[in-house]
Amino acid sequence: MRYYLTGKQAQIIDKYTQESLGIPGIILMEKAAEKLADSIESLLTERVKGEERDFSSYKILSIVESGNNGGDAVAAAWMLKERGYDTYIYEIGGISRKTESYITEVDKAKERGVTFLDLREKLEDIAEFNVVIDGIFGVGLTRDVTGIQREVVEAINACTTEKEITDRPLVVAVDIPSGISADTGHILGAAVRCDATITFEYIKYGMLINDGREYAGDIRCESIGLYVPDTSKEMASILEKEGVGLYISYEYDESEIKNLLPKRKDDSNKRTYGKVLIVAGSREVYGAVYMAAEAAYRVGAGLVKVVTDIRNRDTLCDKLPEAMMLTYDSGKKLGKDFLSDYKASIEWADVILAGPGLGTGNISVRLLKVLSETVNEKKKLVLDADALNIISSADNDIKFSSFTSKVGLGNVIITPHMMEMLRIVRSRYDKKTYDFMLSGLGYRSDMDFLKDYKKDQAYNLSYTEGIITVLKDARTLVAYNTTLDDEPGFEGYARDCELYVNTTGNSGMSKGGSGDVLAGMIAGLVAQKREGNVADTVCVAVNLHGRAGDIARERVGERSMLARDILDAIPSVFK
């Protein structure tokens, strides 16, 4: 499991490592510096695409302030000096207080002949260096970057614009790009735009989202001996002692994803792998139902049945003959025979997916209403797209509780994109309260509000409604709520404070239909998982969806890929 820490959480882990494990800060600093120096050498080799080249003439500049990030960069400078590089250090001097470790590393750098420069009056000289190490600010930064420090940041960025990559400095950040919030990924006044960021033991959450994702460049996480808890409960215990909020952001690694996949059995049949009912599609939208249905099959579901408008019959018969079908005519009232068959289909299914391309008209509302009245505690539900739009509308009485009251907490999965999530959030407040909340927090745009409070809104929705929220975005989050723990020392702790952060996938997936594929993958995998945590299976589906997107990018390119390219890549993910 990989944890993605906020700034305060990272500081607590650093402190815990030093105090509880007895590892001095100076040792951690020099381990970080060694990894930083190694990474810079590797990046230089990659930059010239493996050409034989003597880098000893390269000029390397560490730009620092007097904190621990500065100490890492100073130590890397003297280590690279010992390896034959021409190294320099520019201490900005905008911070008067110097840490003991930083002072120690400065003394070592001077002993080894590293050149110290004062570039205050000639910041343009930064462009003359081959490598610039950003050691100005670390994860503790919470204020805007101003004054001389901002001037330096802007000077670094000026070196890297409108130039060929081999004609400009390689900019490498220590732990996090200076000026990027470790908590939100936003720019704090100004931030260094990096080619690469070398971070230690833990990737910081802010480097994965918003501006942080772009400014961090190539993120390389190196181990230096910081403590890594064995379980999320242990992580929560360490953080709780320091009074830090228990939003623990994490992601499964590849071996965990494999272990969490539903197992295939030699002695099995189609019913062994679950029955999925998909209520989707309309007279206007026919592709969504097909992509969701095929995705459910592609991830291993045994049986898939589709409930859709009769106008989609021919398309489905041609594209996916494996699926069963129950159709209605959206131009007419739902008849008794159809409703009887529909209810029987709900009883038949293990998992019901409702919403992709369904529309929000009267027929769609009626289908969702019957579903809420018919499901029972043996079912799992995935609500996507128009099902969510119907629920967030003030024109009907269908709510999340209409489903959770029947199937139980933790058995309803919703998959909103950001705009659908915004509609849900708006529906939870009266307009006066909502507007007052936004203005009180200083927001003119409620989408900007949602982007900043994405974790909080996903968590709050999951906690209050007892559902699993898959909030789709450039970095998809999975938030969920489970039973409180009663183990000694962990009484009252719940996994509801954990947020799965998915880092697979790419911008080519920002196309219509990609969400339909994800919804189908979730339904298909959950249908196969008869035991264990539903939320874990949902996280696996999100991860695999992104992996399929990455394979599709390799095949057809990021710009040209379509949702069906993601579908086609699913078998390769499992292979």
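**Strands, burial and salt bridges in a predicted model**

Q: What makes both faces of β14 count as covered?
A: On one side of β14, V351 and L353 are buried. Buried means under 20% relative accessible area. The model is a predicted one.

Q: How do you know that β14 pairs with β15?
A: Strand β14 (residues 351-354) and strand β15 (residues 380-383) share 4 bridges, in the parallel sense. At least two bridges are required, so the two strands count as a pair. Among the bridge partners are L353 and V382, and A354 and L383.

Q: What makes β11 a partner of β14?
A: Strand β11 (residues 275-279) also pairs with β14 in the parallel sense, over 4 bridges. The requirement is at least two, so this pair qualifies.

Q: Why is K333 called exposed?
A: The relative accessibility of K333 is 78%. Exposed means over 50%, so K333 is exposed. K333 is found in the loop between β13 (324-328) and α11 (336-348).

Q: What makes K333, K336, K343 and R366 a patch of positive charge?
A: Lys and Arg count as positive. A patch takes residues with over 30% relative accessible area and no salt bridge, and joins like charges within 9 Å. K333, K336, K343 and R366 gather on the surface in such a patch.

Q: Is I467 buried or exposed, and how do you know?
A: The relative accessibility of I467 is 1%. The cut-off is under 20%, so I467 is buried. I467 lies in the loop between α18 (454-465) and β17 (468-471).

Q: What makes the phi of E201 and of A385 worth a remark?
A: E201 has a positive phi, near 70°, and is a residue other than glycine. A385 is not a glycine either, and its phi is about 50°. E201 is found in the loop between β7 (196-200) and β8. A385 lies in the loop between β15 and α13 (386-391). Relative accessibility is 18% for E201 and 12% for A385. Both values are under 20%, so both residues are buried.

Q: Why is the contact of E46 and R220 called a salt bridge?
A: The N to O distance is 2.6 Å. The limit is within 4 Å, so the contact qualifies. E46 lies in helix α2 (residues 25-47) and R220 in strand β9 (residues 218-222), so the pair ties together parts 174 residues apart in sequence. R220 is buried at 18%, whereas E46 is partly exposed at 43%. By this rule the count comes to 28 salt bridges.

Q: How do you know that R426 and D446 form a salt bridge?
A: Their closest N and O atoms are 2.9 Å apart. That is within 4 Å, so the pair counts. R426 lies in helix α15 (residues 418-427) and D446 in helix α17 (residues 446-452), so parts 20 residues apart in sequence are tied together. D446 is buried at 14%; R426 is partly exposed at 36%.

Key
Residues numbered from 1 in each chain as written. Predicted model: local features only at pLDDT ≥ 70, side-chain atom pairs only at ≥ 80, totals over all residues. Heavy atoms only, no water. Patch = residues over 30% accessible without salt bridge, like charges linked within 9 Å, V, L, I, M, F, W, Y side chains within 5 Å. Areas by Shrake-Rupley, 256 points an atom, 1.4 Å probe, with all protein chains shown as cover. Salt bridge = Lys/Arg side-chain N within 4 Å of Asp/Glu carboxyl O. Charge placed at Lys NZ, Arg CZ, Asp CG, Glu CD. Buried < 20%, exposed > 50% of the residue type's maximum accessible area, 1.4 Å probe, protein only.
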